[in-house]
Amino acid sequence: MKADPHDQRRLVDIAELDLRLGGLAHRRTALPEQAALDGLEAERRAAVESAARARIHVEDLDRAIAKLRSDLDAVRRRRESDSGLVAAGGLSERQATELEYELGSLARREESLTAELAELTERHEAVEADVRHSGAVITDLDARLGMAVTVRDTALAELEDAVTATTAERAREAEGLPAELLALYARSAEEAGVGAAILNGGRCSACAMDLSRSAVSTFRSAPTDDVLTCPECGVIVVRTDNS
Ligand SMILES: [Zn+2]
């Protein structure tokens with residue numbers, strides 16, 4: 001294929017712009033600002049789950065404490081009534097013995113229930129503190145998430161601007177180039193990953209291979225408007241004064 005050497009040089013500029021566009025596309029898929037945001041979202045999900053677990057625990061303890069209080073009330077009422085009977089007197093010896101025995105057992109039961117209640121109340125306070133802590137963690141994460149979204153959006157917008165500017169620059173660079181030459185460039189880009197490269201001192205700058213002496217001499221003696229491809233990688237090689 002024949003093409004104006006100046007047009008061939010423009011292919012190299014287009015290849016650089018395509019490389020830049022590829023880098024921008026890659027950056028978009030591996031955006032650190034997005035990774036930071038994803039991390040915060042995962043932290044928030046974990047904090048919400050932990051808060052929900054703590055709230056369920058508080059509710060369980062509420063029920064257990066209410067049950068203990070009611071048991072304790074029943075024991076106290078029974079003790080009062082038994083004590084009343086003993087104080088009133090007039091009981092048979094057997095009745096008195098039975099009541100004394102029951103009063104002893106009620107006292108032990110009250111003591112054990114009271115201790116259990118104190119322990120549950122302490123646990124209740126601790127779990128309520130967990131709920132408050134989870135709430136504070138979520139509030140803090142929400143604030144950080146808000147900022148992380150802004151930072152991510154800014155980074156995306158900057159990327160978008162860079163893509164738009166580079167795409168426009170590429171369009172200007174490609175404007176007026178022969179369709180056949182652009183088609184060859186597109187084929188080379190698709191097959192070798194690079195559309196065009198400089199031949200630099202006998203080395204293809206796409207595959208970094210030093211071409212054989214005979215290939216270099218053929219390339220050097222070829223008319224300047226001949227479009228050449230690297231025998232190693234198939235990329236369009238463009239000659240410069242330095243080739
Ligand atoms: Zn090559």
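## Strand pairing

In this predicted model, Ala 197 has Val 237 of strand S4 as its bridge partner. A further pairing places Leu 199 opposite Arg 239 in S4. The two strands concerned, S1 (residues 196-200) and S4 (residues 236-239), run parallel to each other and are joined over 4 bridges.

S4 also pairs with S3, here in the antiparallel sense and over 2 bridges. Within S4, Ile 236 is the residue that stands opposite Thr 229. The hairpin formed by S3 and S4 has 6 residues between its strands, and in it Gly 234 adopts a positive phi near 85 degrees.

## The sheet

These pairings belong to an open sheet of 4 strands, in which the order is S2-S1-S4-S3 and the pairing is mixed. Strand S2 (203-204) and strand S3 (228-229) form the edges, each pairing on one side only.

## The nonpolar core

The largest nonpolar core comprises 20 residues. Leu 11, Ala 196, Ala 197, Val 235, Ile 236 and Val 237 are the members with the most contacts inside this core. Two or more residues each are supplied by H1, helix H4 (179-192), S1 and S4. H1 makes the greatest contribution, with 5 residues.

The surroundings of Leu 11 can be described individually. When residues up to four places away in sequence are left out, Leu 11 touches Tyr 185, Gly 195, Ala 196, Ile 236 and Val 238. Ala 196 and Ile 236, both contacts of Leu 11, are themselves listed with Leu 11 among the core residues with the most contacts. Ala 197 and Val 237, the bridge partners named at the outset, are also in that list.

## Domain arrangement

The protein chain is divided into two parts: domain 1 covers 5-19 + 178-239, and domain 2 covers 31-174. Taken over C-alpha atoms, the centres of domain 1 and domain 2 are separated by 68 Å.

Contact between the domains involves 5 residues of domain 1 and 5 residues of domain 2. On the side of domain 1 that touches domain 2, helix H1 (residues 5-29) provides the largest share, namely 4 residues. By class, that side of domain 1 has 3 nonpolar and 2 charged residues, with no polar residues.

Definitions and conventions. Residues numbered from 1 in each chain as written. Predicted model: local features only at pLDDT ≥ 70, side-chain atom pairs only at ≥ 80, totals over all residues. Pairing = 2+ DSSP bridges. Domains from an automatic or database assignment. Contact = placed C-beta atoms within 7 Å. Nonpolar A, V, L, I, M, F, W, Y, C, P; charged D, E, K, R; others polar. Core = buried A, V, L, I, M, F, W, Y, C linked by C-beta atoms within 7 Å. Buried ≥ 20, exposed ≤ 12 C-beta atoms within 10 Å, placed from the backbone.
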